[in-house]
Amino acid sequence: RQTDAKDTLKLVMREMDKLPQKQAEVMKMMVLEGLDYKEISKRTGLSQVHVRVLISAARKTLKRKLES
C-alpha cells in the first residue's frame with residue numbers, strides 16, 4: 001500500500017508539472033507548502049479571485065488526467 005501511495009504521489013507530481021506555469025505554481029504552494037488563497041495571493045501578487053480560478057482549473061485538469 002505504501003508503494004501505491006508513493007506511485008500515486010509521483011504520478012500527481014508529474015501531472016502537476018505539466019500544468020500551465022501559473023496553475024502549477026499556485027497548486028504547489030497550496031499542496032506542498034500548505035498555503036491558503038490569501039497567502040498565495042500575497043506571495044504571487046495575484047488577486048485571491050485569480051488564485052481561486054487557477055486552483056480550480058488545475059484541479060479539474062488533474063482530476064481529468066488522473067481518471068483517464
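At 12% relative accessibility, glutamate 15 counts as buried, where buried means under 20% relative accessible area, exposed over 50% and partly exposed in between, with a 1.4 Å probe and protein chains only. The structure is a predicted model, in which local features need pLDDT of at least 70 and side-chain atom pairs count only at pLDDT 80 or more, while totals for chains, interfaces and linings use all residues. Residues are numbered from 1 along each chain as its sequence is written, and side-chain values use heavy atoms, with hydrogens and water left out.

**Glutamate 15 and its surroundings**

- Glutamate 15 lies in helix H1, which covers residues 2–17; helices (H or I, at least four residues) and strands (E, at least two) are DSSP runs, numbered from the N terminus.
- Apart from neighbours within four places in sequence, glutamate 15 is in contact with Leu62, Lys65 and Leu66, contact meaning heavy atoms within 4.5 Å.
- Glutamate 15 also forms a salt bridge with lysine 18, with the closest N and O atoms 3.3 Å apart; a salt bridge is a side-chain nitrogen of Lys or Arg within 4 Å of a carboxyl oxygen of Asp or Glu.
- Lysine 18 is exposed, with a relative accessible area of 57%, whereas glutamate 15 is buried.

**The chain as a whole**

- The chain has four helices and zero strands, and its pattern along the sequence is α-α-α-α.
- Taken along the principal axes, the box filled by the C-alpha atoms is roughly 40 × 20 × 15 Å.
- Of the 68 residues in the chain, 32% are buried.
- The chain exposes about 5000 Å², of which carbon and sulfur atoms supply 51%; accessible areas come from the Shrake-Rupley method with a 1.4 Å probe, and for residues only the protein chains shown count as cover.
- Among contacts between residues at least 6 apart in sequence, 45% join residues at least 24 apart.

**Other salt bridges**

- The structure holds four salt bridges.
- One of them joins lysine 28 to aspartate 17, the closest N and O atoms being 2.5 Å apart.
- This pair links distant parts of the chain, with lysine 28 in helix H2 and aspartate 17 in helix H1, 11 residues apart.
- Lysine 28 counts as partly exposed, at 26% relative accessibility.
- Another salt bridge is formed by glutamate 25 and lysine 22, whose closest N and O atoms are 3.6 Å apart.
- Because glutamate 25 and lysine 22 are three residues apart in helix H2, they are separated by about one helical turn.
- Glutamate 25 counts as partly exposed at 26% relative accessibility, and lysine 22 counts as partly exposed at 39%.

**Packing of H2 against H4**

- Two packed helices are described by the angle between their axes and the distance between the axes.
- The axes of helix H2 (residues 21–31) and helix H4 (residues 48–67) come within 9 Å and cross at roughly 95 degrees; axes are lines fitted to C-alpha atoms, for helices over the stretch in contact, and angles run from 0 to 180 degrees between N-to-C directions.
- H2 and H4 are therefore roughly perpendicular to each other, since angles under 35 degrees count as roughly parallel, over 145 as roughly antiparallel, 65 to 115 as roughly perpendicular and the rest as oblique.
- From H2, the residues Lys22, Gln23, Val26, Met27 and Met30 meet Leu54, Ile55, Ala57, Ala58, Arg59, Thr61 and Leu62 in H4.
- By class, this contact of H2 with H4 has eight nonpolar, two polar and two charged residues; Ala, Val, Leu, Ile, Met, Phe, Trp, Tyr, Cys and Pro count as nonpolar, Asp, Glu, Lys and Arg as charged, and the others, Gly among them, as polar.

**Packing of H3 against H4**

- Helix H3 (residues 37–44) and H4 have axes that come within 9 Å and cross at roughly 110 degrees.
- H3 and H4 are therefore roughly perpendicular to each other.
- Tyr37, Lys38, Ile40, Ser41 and Thr44 in H3 meet Gln48, Val51, Arg52, Ile55 and Arg59 in H4.
- The contact of H3 with H4 has four nonpolar, three polar and three charged residues by class.

**Distances across the chain**

- Alanine 57 has its place in helix H4 and is partly exposed, with a relative accessible area of 26%.
- The C-alpha atoms of alanine 57 and leucine 19 are separated by 9.5 Å, with the two residues 38 apart along the chain.
- Glutamate 25, found in helix H2, is 28 residues from valine 53 in sequence and 13 Å from valine 53 in space, C-alpha to C-alpha.
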